[in-house]
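Please find below a colleague's note on the structure under review.

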Amino acid sequence: MLTYESEDIPELAPVRFAAGKLEEYRATTGIDIPLPLFRHDPSLPGQTYRLSRICSGTSTPMPPETASTPRPGQTQTQNICGKSASTGLATADGAPVRYLIEAPDPAGFMYGLLDLPDLLVLPDLPDLPDLPDLPEDSSADAPQSAIIHESRCYIPNRGIKFNIPLDARTPSYSDASDSAFENIPYVWTHGFWHSFLDEMASHKLNVLTLWSLSPFPSMVKTSKYPGAALDDVKRSVIFPRPDMAGGGMYAPDMEHGMYTLRRMTIDEKIRFWQEVMQYAADRCIDVYIFTWNLFTYGTTIPCDQDSPVTADYIYESVTALLETYPLLRGIGGTAGENMKRDDSDLLFLKNTYARAVENYRKSHPERKLRFIHRAHYSNFPLLRELYAPQGGPVSTGGDAPMPWPGTASQGPTRADGCPMPWPGAASQGPTRADDCPMPWPDTSPQGPTSADGCPMPWSGAASQGLTRADTAPTPEFAVSFKYSQAHMHSSPRPTFFRDFLRGVPVGQKPCPGSEDACAHVGNPAGFPFWLTLRDDDSYFFRWAWRAYAKEYLENIPTDCVEGFYLGADGFTWGVDFTAQGAHAADISSSTPPDATVPTAGTFSSVPATPCAAKHQRVPAAWDGPGTDEKACLPHPLYLQKMWVRFDIWGQLSYDIRYPLHRLRKRALRHMAAGSGSDALFDAWEKASGIIGVVNCVHWHDYDFQWYPEGCCMFLHPPVAKLVFADIREFMDCPAMPGSGYMSVKEYCEAVAMSRDPDPLSGVGIAMSRDPDTLSGEAIAMSCDPDTLSGEAIARVREKQIAADGITPPEAVHDIRQRARQAMAAIDSLPIAHTPTKSDPNTSPKAVIARGGHGKEHSESTALMIMSAPEFTTPSALTADIRALSLLGLYYADKLEAAVELRRIITDHRHSAGRDNAVALLESAAAHWKQYSALAMSIYKPQRLSRLGGSYVDFRMFDRAAELDIELAAGSGPPAQRIPPTTAS
């Protein structure tokens, strides 16, 4: 029972964590924030908190000239609470003001405490309507209260997608990368997870999802398969060379380079992860484990979907995982990555993962346990039927479930009486014993169409799909969907998920003329959804674009989405090892864990866990419960380097009403960049939008097909080569579906059509059909084109082209303007002295005492938030902004050149295009070489997993950027490039 109406900190670990952060704030800034009272209010929604100010009825009222008009949701009694000019934390007569936090759960109390410095030191929140008042006591001496702020949870589950490199023998999807290789020893230390989870909680992120191809041997032991459990933590100096489905991530040749990083028995490993999950729970963070399928790395179990042994091993391992980790909140599964990619994949997951979860829940009904099935590679109609209510398929005996729910052995029937056969054991999927048409799969991926021509999500007589009498979703089951494919930095209104709900295949447009009819799709499946927000656009550069994140989150259909997880597949978000030179952390000179590579036969002698604070190595033994090694991490965490990015996404996803100007102030406090902070942040936001605009006009769904930081792509096997995205690729590449942007090819074809001498053909006909959108000039043209000059006709047609979408020239202008404005801003910045932890004269407290380095710096330092140590210096951030700006200038030149060259193909009259393109590509090559030199001076070249484990050094493409000039200058129309395959 949570009832706390005293100053004592509640005996709750989350509240104690937040109170500790409050103490850090006091020690750092010298500002004393009073510990509030606490009151449990079960009537509030989960994770919400309400902060009120309480004053005695006998306290001195505020003077009339300082009294403020109460905001909506505040009572007039607020005016009895005085406010001192210095801190605002005392009444007019000097008595301290008291505060009350009300919440329904530990998370609400924790978030309320974490927000106290922001709310009390600078309470400038805008009006928040419809906030309920606290009841007031009518007695004269009773405390009076006024609501200062109420924060309401927007998306209940706000997570991180962490591809975890447990061991070379049990890899994740990111393990063919330098970032994963370097992080293997650190994910087995308490200090790593204490820092990681504290960062998450500070940003109100409350879900940690750990993704692995084969987690079980490193995390559980089973009585049935005892030999599958692995002792020790190992990695190999021989890198994997995987295929795009995760095969080859651990290969026999890697055994020859294997050595031990850490001595741990499987029992010690289990104890370690139990403690990590307890630490997460103490920060109100749920832990999930996700797998891709089917992989049995680290075992002798066959990786065979048809093998009963394999299925039984997976079932037993999932069961052991649930039994071993009582704090584990759920399991996630994927069909198709290394499977047959037909309906039998879903049946395998149903008979292993789902069956283990359901059987465990039967004996532990009190435990909340979620099974999340990814929509990736899944036949959604079948998925819906398999996880329909009342336990799913009907069994015919034994443990083998039937793939379709139904009352008869032949399964459900159609309206015309034909039986609906189900997928059999054969790999080809559904079979048919008669001539009745099969409801799915159909000749097209989306299945049959409804009467209005719109694709139906699944077979059924009604347009909303097949319905059942028991349409409620199976409890604790959810479906996961890649919301922006692999590129969340693109359009803030991606259409993939809504198209998916109405049955439109990913990447295709809705049926013509039916967009309005299909606009409101709701949630016909009835399942709750989780969204994967894949961020494989930028591994190096810091990001801060508040308005984009707000619009993106506002457009998530929260009526059917209960959570998201944000993360990458090509890069591991652990300790960040990318910085080099002056941009690396001061402690980066500590000895890395693999400094001494063992010789054959001496694997056990290699120590682990470097301690940066002492610059020495410590024994390679399990560090035991409660050990805090935060000071022993050799570099900042990725979450610490990207602090502002995660703060923006975390704060807004928790409370979408969170003011953008307050996010700016939080960023400025973190930057501590002196008097140029405001200009630097403005430049940062400008540069942060560059890659998103490029992605909208130049789109590929998957990360291996397009890596914008490197302007490169990995051609799918059997080609299996890392290639530079040359000018021909930009001429042919599509725009992002549903983004409102036109591709280079679409735009040039529209321009060519608009130059048709017959004004009533092509665009002219389209204009004449919609007179409401036409100017008088256009109407006159459609009636009597001879009366208009060529210039007038051109103007009208240009307007019509622009009305069809955002054109590449408009995108080029946007990118170029962002880059130039950001560059100009950072070039004008004064050189500021930056406070560091090592300099006591420039510590925040010392700066406050002597008045700061200027008004802006004094304010930003005085309001330093309760966050991780500062790792973002002005020089590092300025370098990021300059690099992004140079990359933007490169893409602007290249896109403009692509337009010029594509117009040669679509319109032979565009004779000047080649010379213009050559000049633009000469400029682009110069910008690219400036960009690559700067980027690789501050960051190390990296092996990147989703680029086939290729070693990526941006300078390796300097010559390729020059070759674009030769491609453009060649005689004849530019050759069209064969686009890369879209298989994944």
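1. Basis. The model is predicted: local features require pLDDT of at least 70 and side-chain atom pairs count only at pLDDT 80 or more, while totals for chains, interfaces and linings use all residues. Residues are numbered from 1 along each chain as its sequence is written, and side-chain values use heavy atoms, with hydrogens and water left out.

2. Cysteines. Zero disulfides are found in a search of the whole structure, a disulfide being a pair of cysteine sulfur atoms within 2.5 Å. Cys 696 is buried at 3% relative accessible area, whereas Cys 153 is partly exposed at 22%. Here buried means under 20% relative accessible area, exposed over 50% and partly exposed in between, with a 1.4 Å probe and protein chains only.

3. Strand S10. In strand S10 (residues 328-333), six of the six residues are buried, so the strand is largely enclosed by the rest of the structure. Strands (E, at least two residues) and helices (H or I, at least four) are DSSP runs numbered from the N terminus.

4. Neighbours of S10. S10 pairs in the parallel sense with strand S9 (residues 286-291) over four bridges; pairing requires that DSSP find at least two bridges between the strands. Within S10, Gly 330 stands opposite Tyr 288. The chain passes from S9 through helix H7 (residues 308-324) to S10 in a right-handed β-α-β crossover, that is, one whose path from the first strand over the helix to the second runs clockwise with the strands pointing away from the viewer. S10 also runs parallel to strand S11 (residues 370-374), joined by four bridges, and Gly 332 has Ile 372 of S11 as its bridge partner. With helix H8 (residues 343-363), S10 and S11 make a right-handed β-α-β unit.

5. Cavities. The structure holds 16 cavities of 30 Å³ or more, where a cavity is a set of points on a 1 Å grid over the protein atoms alone at which a 1.4 Å probe fits but cannot get out.

6. Tyr 951. This residue lies in strand S20 (residues 950-952). Tyr 951 is partly exposed, at 44% relative accessible area. Its C-alpha atom is separated by 9.0 Å from that of Asp 178, 773 residues apart along the chain.

Key
1 Å grid on protein atoms, 1.4 Å probe; cavity = no way out; pocket = protein on both sides within 12 Å on 5 of 7 lines; lining within 4 Å. Points joined across faces, edges and corners; volume = space filled by probe spheres on them.
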